[in-house]
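This report walks a new reader through one protein structure, heading by heading. Please keep the sequence and the model in view while reading.

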Amino acid sequence: MRYVVVGNRSSRGARSVARARTAGAVVRRGAGHGDGVTVGHGLRVAAAYAWRLLVLGAAVYVVFAFLGRLQLVAVALFLALVVTAVLRPLADLLARHMPRTVAVIVSIIGSLLLVLGVMALVGSQVAGESGRLGHEFAGGLGRIERWLEGSPFHVSHAVLSDLQGKVATFVSEHRSVLISSALSGAGRAVEFITGLVLALFCSLFFIRSGDRFWRWFKALMPGGARDPLDRAGRAAWRTFAGYTRGIIIVAATNAVLVGIALYVLGVPLALPLTLLEFFAAFIPLVGSPVALGVATVVALATRGPVVAIVVLALIVVIGQLEGHVLHPLVLSWAVRLHPVVVALSVIAGSILAGVVGAVVAVPLVSVAWSVICELRAPPEPEPAGRSPGHPSAPPGPSSRPTGPSRATGPAR
């Protein structure tokens, strides 16, 4: 009799377990099957990534909106980092023969005097040739009209006269708008000078004691975040400094080639156009053709269509040289971005922030990509005994680490 009771209890327990499993399956179906259709694993993972990307995009938008309100400060800080990347090696070299503070001041003031001297030389050349250029442009416009009226274009004189009349009418009707734009440009010039002074002020301290800033900033972070932050900061600085120095070399090479070609062809304003090519080369893929387009217009108005065609051919030659020789040799070790990514970055930056966005887009994307690659890679052990802190900090006994700590290890 006792065995029967036990058997009945066992059967009841088995039925209870079966009912519990059935109820759990129903609950799981109710949680994952809204309409009886199974949600695949890939869709659930995509949804998880989607809302995280939305949160990340919202955070990035807030950051850029905040920087947009402080555009002058952001641009000044960017220029300060550029000056630091360029002049830090010079200051380190001079610091071997004089106190570091004096070396920093000499490097900054000397570079500033060099830039101001070049600008003064360009201004004096433009002022000296202004009268002659007026007559050459007037005669060049007449030659262009006769060229368009002849073979192979055969544009009628009435069409050209009507076009000149429309241009004159447009200028007269929008004179107030042009004057307000010029005044706005003057205000922009004041903002530019203010930002330049702020950039020089910040770069003075970045070059002098950037390693101290970096150590102070790392000390504010939690202990577990210092090592990834140190690796990311070093990777970002290596990429930014390499890109800055490399793009200056590329721009200087382009400017020298263009200046020699314009001087040989006898195009007026060769030095100002060379300087324009130098600054325009800081916008990859786009700036150099635009600057050479301006040189082509000047050559067409002053030297005729044959010289203009030769200058136009320089666009193709310089573009091929820059894309297939200079960038692979100079920038490949610092910037590893596909040309399509570079083009999309420049266009997106110009849409979001104009010329400033086009200039800073590629270095920002390059820095972001280098940081991602560095954080995804496993940390590498580094030898002790070299300088810590800022990635550009020079070795020295005053900042020598006391042990093989990864957070204060040297830049690779």
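## Terms and basis

A residue is called buried when its relative accessible area is under 20%, exposed when that area is over 50%, and partly exposed in between, with a 1.4 Å probe and protein chains only. The model is predicted, so local features need pLDDT of at least 70 and side-chain atom pairs count only at pLDDT 80 or more, while totals for chains, interfaces and linings use all residues. Residues are numbered from 1 along each chain as its sequence is written, and side-chain values use heavy atoms, with hydrogens and water left out.

## Overall architecture

The protein has 11 helices and 0 strands, where helices (H or I, at least four residues) and strands (E, at least two) are DSSP runs numbered from the N terminus. Along the sequence this gives the pattern α-α-α-α-α-α-α-α-α-α-α. Of the 412 residues of the protein, 30% count as buried. Contact means heavy atoms within 4.5 Å, and among contacts between residues at least 6 apart in sequence, 69% join residues at least 24 apart.

Thr84, which has its place in helix H3 (residues 71-94), is buried, with a relative accessible area of 2%. Not counting residues up to four places away in sequence, Thr84 touches Ser203, Phe206, Ile207 and Trp237.

Asn254 belongs to helix H7 and is likewise buried, its relative accessible area being 0%. When neighbours within four places in sequence are left aside, Asn254 is in contact with Glu277, Ala281, Ser288, Ile318, Glu322 and Leu326.

## The packing of H7 and H11

Two packed helices are described by the angle between their axes and the distance between the axes. Helix H7 (residues 223-265) and helix H11 (residues 339-376) pack at an angle of about 145°, with their axes 8 Å apart; here axes are lines fitted to C-alpha atoms, for helices over the stretch in contact, and angles run from 0 to 180 degrees between N-to-C directions.

From H7, Pro228, Arg231, Ala232, Ala235, Ala236, Arg238, Thr239, Phe240 and Tyr243 meet Val362, Pro363, Ser366, Val367, Ser370, Val371, Glu374 and Leu375 of H11. Sorted by class, the contact of H7 with H11 has 11 nonpolar, 3 polar and 3 charged residues, where Ala, Val, Leu, Ile, Met, Phe, Trp, Tyr, Cys and Pro count as nonpolar, Asp, Glu, Lys and Arg as charged, and the others, Gly among them, as polar.

## Aromatic pairs

Rings of Phe, Tyr and Trp (its six-membered ring) pair if their centres lie within 6.5 Å, and planes under 30 degrees apart count as stacked, over 60 as edge-to-face and the rest as tilted. By this rule the count comes to 7 aromatic pairs. In one of them, the rings of Phe206 and Phe213 have centres 5.8 Å apart and planes at 90°, so the pair is edge-to-face; Phe213 counts as partly exposed at 39% relative accessibility.

The rings of Phe278 and Phe282, with centres 5.5 Å apart and planes at 85°, also form an edge-to-face pair, and Phe278 counts as partly exposed at 21% relative accessibility. Ring pairs link Phe78, Trp237 and Phe240 into a cluster.

The expected span of a helix is 1.5 Å times one less than its number of residues. For the 17 residues of helix H9 (residues 287-303) this gives 24 Å, which agrees with the 24 Å between its end C-alpha atoms. The buried residues of H9 include Gly287, Ala291, Leu292, Val298 and Thr302, and just after H9, Gly304 takes a positive phi of about 100°.

Most residues other than glycine have a negative phi, and most peptide bonds are trans. Leu269, in the loop between H7 and helix H8 (270-280), has a positive phi near 55° although it is a residue other than glycine, and at 15% relative accessibility Leu269 counts as buried.
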